[in-house]
Amino acid sequence: MLGSKTKIGLISSTVVLCGAAATLVVRSAAGSESGQATAPTAVTTADAKNRMDPSRVDYGRLDGRVVKLMQQPDMVGLAVATIERGHVRFMRGYGETLAGSGSAVTPDTVFRWASVSKGVAATLVAKLDEDGRLSLAAPIVSVGTSLRLAGNMSGVTVADLLSHRLGLPRNAWDDRLEAGDDPTVLRSQLSTITPLCLPGTCYSYQNVAFDTASEIVEQVTRQSYAKTARETLFAPLGMTNTSIGRAGLEGSASWARPHRPNRRTVEVKDPYYHVPAAGGVNSSIRNLVRWMSAQMGGAPGVLSPAVLETLHRPRVATPPHGRRGPMDRALANASYGLGWRSFDYAGHRLVGHRGAVDGYGSLILFDPADRSGIVMLWNSSRSTPARLQLEFFDMLYGLPKTDWLALGEDQNARALDRGRQ
């Protein structure tokens, strides 16, 4: 139960609005996902009116697209939720937690967030800044962490860290992290790497270095990173099955096992749990949609407008790395804030992040001005599900249909896709 100080524009239930008429269906958290609806959760008259307003998104089509996506050979399980104008409109699980098991994914099935976790770290640090316990403009060396960089670090700030402006080569020493090296030791040896640029002057994505944020949080709060995240964010936001660390994943009543191509199950890997600020969070889609609501201003008692502006404001351009597909080309003016990416799409500013770790994928993308967005979690190594985000926004904005998922159902839509590039 949320405290009176916390006001979140969503409810603890499964909500599905389908079709242009936007029929409201509410199932209680304890109810069956496939059974009949139980008594609706109580909402205010204003909320009820807002929820009954016609949706701009055709959820029947969205659901059908996901069903077709799940028929692809490498897909195992997936969970999706959306918010329109501050209210949950759609939440559903698809497929299985383990290939061939018959164990269904539900809105309460727990997955790994992977790099979507970076938004949690940045939010914690931004709140410490707001509370006057730390300055984002402070030199990292003043905080006392294991991070060491080549040259003089006196001008390298906490904000530089959270926006990937340390001057290191991309993904510095992820390979050594994955081989089992201690991230604290790795951070202390980053000074041996030749810089890509001067700190603060260019963007280069990091995991090992970014996890310095967990050390900063622990230095300032004098308690574990996981405990601070739970007390400061997860509990106040009602994110009751969100955790940090492998034990939290595997101890969940329903959790999705990771899969590689051909639906091959693999063991959960530890390395990125050892850098919790970069990739250590687990949760269900029900909790991830709460997180998105808060990031859109739905919980001002927990995340103030000032904190959200600090987090989401673009600070550095993110030039493309390697080959980009149609979706990445459509998301223009890509930039990075503090733990969050931002883009321009069809005249709208979007904020979000994606994540991937062996056998899992994750996504959050929202329009803060419209208070609308989509979250997704899946348990396979495919990146294809991420393309659903633009199908959602095309419907939200009333744009022509485009087969971003490349399911081949509409050749005219594919032509529209090519015409946009």
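Phe392, Phe393 and Tyr397 are linked into a cluster by ring pairs, where rings of Phe, Tyr and Trp (its six-membered ring) pair if their centres lie within 6.5 Å, and where planes under 30 degrees apart count as stacked, over 60 as edge-to-face and the rest as tilted. The model is a predicted one, in which local features need a pLDDT of at least 70 and side-chain atom pairs count only at pLDDT 80 or more, while totals for chains, interfaces and linings use all residues. Residues are numbered from 1 along each chain as its sequence is written, and side-chain values use heavy atoms, with hydrogens and water left out.

**Aromatic pairs**

- Across the whole structure, a search finds six aromatic pairs.
- The rings of Trp113 and Trp291 have centres 6.3 Å apart and planes at 40°, and the pair is therefore tilted.
- Because Trp113 lies in the loop between β5 (110–112) and α3 while Trp291 belongs to helix α11 (residues 285–298), this pair ties together parts that are 178 residues apart in sequence; helices (H or I, at least four residues) and strands (E, at least two) are DSSP runs, numbered from the N terminus.
- Trp113 and Trp291 are both buried, a word that stands for under 20% relative accessible area, with exposed meaning over 50% and partly exposed in between (1.4 Å probe, protein chains only).
- Trp340 and Phe366 form an edge-to-face aromatic pair, at 5.8 Å centre to centre and with 75° between the planes.
- This second pair links distant parts of the chain, since Trp340 is in the loop between β11 (332–336) and β12 (341–345) and Phe366 is in strand β14 (residues 360–367), 26 residues apart.
- Trp340 counts as buried at 1% relative accessibility, and Phe366 counts as buried at 0%.

**Charges over rings**

- The charged end of Arg176 sits over the ring of Trp173, 4.4 Å from its centre; for this, NZ of Lys or CZ of Arg must be within 6 Å of the ring centre and within 35 degrees of the ring normal.
- Lys118 lies over the face of Phe210, at 5.6 Å from the ring centre.

**Disulfide**

- A disulfide is a covalent bond between the sulfur atoms of two cysteines.
- With a disulfide taken as a pair of cysteine sulfur atoms within 2.5 Å, the count comes to one disulfide, and this disulfide joins Cys197 to Cys202 with an S to S distance of 1.9 Å.
- The torsion about the S-S bond of Cys197 and Cys202 is about -80°, so the disulfide is left-handed.
- Cys197 is buried, with a relative accessible area of 16%, and Cys202 is buried as well, with a relative accessible area of 18%.

- Helix α7 (residues 212–221) is mostly covered, as eight of its ten residues are buried, among them Thr212, Ile216, Val217 and Val220.
- The cover over the buried residues of α7 includes α3 (118–130), α4 (158–162), α6 (183–188), α8 (225–234) and α10 (276–279), where contact means heavy atoms within 4.5 Å.
- Arg222, which follows α7, has a positive phi, near 60°.

**Other positive phi values**

- Asn171, in the loop between α4 and α5 (174–178), has a phi near 50°, a positive value in a residue other than glycine.
- Asn333, placed in strand β11, also has a positive phi, near 50°, and at 57% relative accessibility Asn333 counts as exposed.

**Confidence and the chain as a whole**

- The protein chain averages a pLDDT of 87, and 85% of the residues score at least 70, pLDDT being the predictor's confidence in each residue, from 0 to 100.
- The protein chain has 15 helices and 15 strands, and buried residues make up 55% of its 421 residues.
- Of the contacts in the protein chain with a separation of 6 or more, 67% are accounted for by residues 24 or more positions apart.
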